[in-house]
Amino acid sequence: MITLLDYGAGNVRSVINAVESLGETIRIASSGEDILAAERLIFPGVGAFGNMMRILNEKGFAAPLKAYLAADRPFLGICLGLQALFDGSAEAPGVTGLGFLPGTVKRFETDLSVPHIGWNGLNARKPSRILNGLSGREKVYFVHSYHVATDDASAVLTTTDYGYPFVSAVQKGNVIATQFHPEKSGETGLRILENFIRPDVAPYLPIGMSGTTRLAKRIIACLDVRSNDQGELVVTKGDQYDVREDGEVRNLGNPAALAGRYYRDGADEITFLNITGFRDFPLEDMPMIEVLKQTSRHVFVPLTIGGGIRDYTDKNGRRYTALEVAAEYFRSGADKVSIGSDAVYIVEEYLRTGRRTGESTIEAIARVYGNQAVVISVDPRRVYVASPGDTPHPVIETDFSGPNGEGYCWYQCTVKGGREGRDVDAVTLARVCETLGAGEILLNCIDRDGTNAGFDIELINAVKGAVTIPVIASSGAGCVAHFHEVFTRTQVESALAAGIFHREEVLIGELKRYLRGKVEIRL
Ligand code: 1PR
């Protein structure tokens with residue numbers, strides 16, 4: 001029996017699902033006594049350090065947790081569950097941590113994108129039961145802006161490089177904690193969890209670990225989901241956002257089954273976009289929540305879900321906040337949520353008033369679940385102009401001239417699935433969303449969507465150059481070479497595709513074999 005400490009923020013469902021998939025039962029600790037009675041305790045931390053410590057103290061969990069740790073009982077902390085073990089964090093000055101290990105938590109100081117999101121390697125400093133059976137060449141999934149810094153070198157279990165080496169796991173006796181997410185690290189992560197759960201696993205030092213670890217470029221499979229005319233929830237795919245063919249919604253398969261296939265094929269992440277979310281309210285559209293629950297039971301890589309994350313009043317006058325919608329997605333197994341139309345309205349308001357309210361959907365979700373949990377899905381379309389002076393928006397000089405030979409264009413943001421253009425450009429939108437606390441940009445392109453013509457490199461470079469958060473390139477992938485192009489001609493951390501994967505024109509395994517040796521990827 002595994003005891004799980006859930007203090008109520010974020011996605012503990014993934015940990016529960018991963019542990020249950022290993023044949024173990026889980027019990028949720030709801031009191032200090034439950035913590036002290038645990039045989040093995042897992043503490044997955046999500047969100048922000050200050051919020052976590054406040055809840056642990058309010059619920060009376062902090063003192064029993066300290067006693068449990070001091071007694072050297074089996075413990076696995078994950079992400080913030082690692083950071084909690086230290087004295088304090090730069091994320092929440094003045095807030096005291098559990099103080100089990102000496103040191104503090106500090107923000108990444110690097111020119112690389114922060115948060116550090118994605119699959120990176122491990123360098124082991126000493127043998128550990130959780131490393132048993134690993135070759136040392138595996139990659140595991142990270143998502144964080146802060147890392148621990150300790151004076152106790154003997155407690156360092158692994159380090160990982162991101163601009164410089166940082167502590168990615170610690171172990172002191174039976175207390176182990178990882179900055180990465182084993183529950184989101186595919187088969188490697190399941191092995192690590194199993195090593196923690198099973199009794200009598202021998203300490204082991206993988207031989208392949210050495211040198212500098214490298215963050216892999218992520219390959220993301222995207223599933224656009226909606227109900228078809230028969231009311232069945234299907235994966236669909238548009239050509240420049242038009243998902244109908246001969247009047248019918250294209251049906252490319254069952255969402256949970258397709259996600260399972262992409263997981264087995266090696267997808268580094270899976271994104272679901274509830275594409276009619278702007279008009280159907282997700283909390284009434286329960287099949288989508290069900291898809292997420294089913295998927296997270298057997299898919300152990302990060303799941304992002306978007307569509308319909310906004311405030312809403314139902315027909316009975318009950319008001320729901322965007323935070324409540326997001327919370328339901330997180331409870332159902334999402335690791336990140338993506339915001340489309342609402343982000344455009346938020347940015348318009350910000351540009352009009354010149355100040356942040358602290359109340360926007362982006363800020364509210366980031367405050368509770370952390371910046372890394374908030375993705376902005378941008379749906380831009382090219383607007384051509386003959387000269388830069390023809391528009392107040394920032395333009396780029398383009399190699400692909402417009403219908404009348406125009407040599408410049410700007411990227412107009414749209415809402416409602418591309419149906420309505422707004423007076424905001426994609427570069428400004430990305431920049432403002434970063435200021436408001438978004439952790440990642442999912443950069444679609446209506447002109448390229450479903451065309452197989454390749455990613456819009458000009459758009460991607462314009463947006464990537466304007467922000468320091470990671471950017472996902474999306475729309476237009478038609479062959480394996482397009483991924484190589486986007487990873488070598490731009491600085492994006494990940495690339496997303498839909499049509500070529502759904503139609504099996506390119507398999508994810510085959511794509512990764514092609515990229516191997518050319519760009520860093522997770523095999
Ligand atoms: O506005 O917050 O409710 O979110 C709605 C979400 O649904 C947005 O993220 C928006 O991008 C998405 N969406 C709305 N309508 C459509 C549509 O296609 N009619 N899909 C739509 C967007 C674009 C991509 C696609 C890539 C790759 N899909 O995510 O998967 O372009 O495609 P490809 O590889 O086949 O070229 P809200």
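This is a predicted model: local features need pLDDT of at least 70, side-chain atom pairs count only at pLDDT 80 or more; totals for chains, interfaces and linings use all residues.
Let's start with the ligand. There are 25 residues around it, and five of them come nearest: K237, S341, S377, D379 and D449. What is the make-up of that shell, by nonpolar, polar and charged residues? Eight are nonpolar, 13 are polar and four are charged.

Now the polar atoms. Look at D224 first. An N or O atom in the D224 side chain is 2.9 Å from a nitrogen atom of the ligand. Then turn to the backbone. A polar backbone atom of G308 is 2.8 Å from a ligand oxygen. At G340, a polar backbone atom is 2.9 Å from an oxygen atom of the ligand.

How much of the ligand does the protein bury? On its own, the ligand exposes 780 Å², and the protein buries 99% of that. Which elements give two or more residues to the shell? They are β14, residues 218–227, and β30, residues 494–497.

Next, the pocket. The ligand takes up the space of the largest pocket. That pocket holds about 710 Å³ of space. Its lining counts 47 residues. Nearest the pocket centre are Y241, L273, I275, D379 and G417. Note D379 here. D379 is also among the residues that come nearest the ligand.

What does the lining consist of? Count 14 nonpolar residues, 21 polar and 12 charged.

Several elements supply at least two lining residues each. The strands are β14, β18 (269–274), β22 (336–339), β26 (408–415) and β30. The helices are α10 (341–353) and α15 (499–502). Which element has the largest share? That is β14, with three residues. So keep β14 and β30 in view: both elements also give two or more residues to the ligand shell, by the DSSP runs used here.

Last, the backbone. Most residues other than glycine have a negative phi, and most peptide bonds are trans. Two spots in this model are worth a look.

P115 sits in the loop between β6 (103–107) and β7 (116–120).

The other is C79. C79 is not a glycine, yet its phi is positive, at about 60°. C79 belongs to strand β4, residues 75–79.

That's the tour. Happy to go back to any residue.

Key
Residues are numbered from 1 along each chain as its sequence is written. Side-chain values use heavy atoms; hydrogens and water are left out. A residue is near a molecule or strand if one of its heavy atoms lies within 4 Å of it. A polar contact is a pair of N or O atoms within 3.5 Å; within protein, one must be able to donate a hydrogen and the other to accept it, and residues adjacent in sequence count only if both atoms are side-chain atoms. Accessible areas come from the Shrake-Rupley method with a 1.4 Å probe; for residues, only the protein chains shown count as cover. On a 1 Å grid over the protein atoms alone, a cavity is a set of points where a 1.4 Å probe fits but cannot get out, and a pocket is an open set with protein on both sides within 12 Å along at least five of seven lines; lining residues have an atom within 4 Å of a point. A molecule sits in a cavity or pocket if more than half of its atoms lie within 2 Å of its grid points. Helices (H or I, at least four residues) and strands (E, at least two) are DSSP runs, numbered from the N terminus. Ala, Val, Leu, Ile, Met, Phe, Trp, Tyr, Cys and Pro count as nonpolar, Asp, Glu, Lys and Arg as charged, and the others, Gly among them, as polar. Grid points are joined across faces, edges and corners, and a volume is the space filled by probe spheres set on the points.
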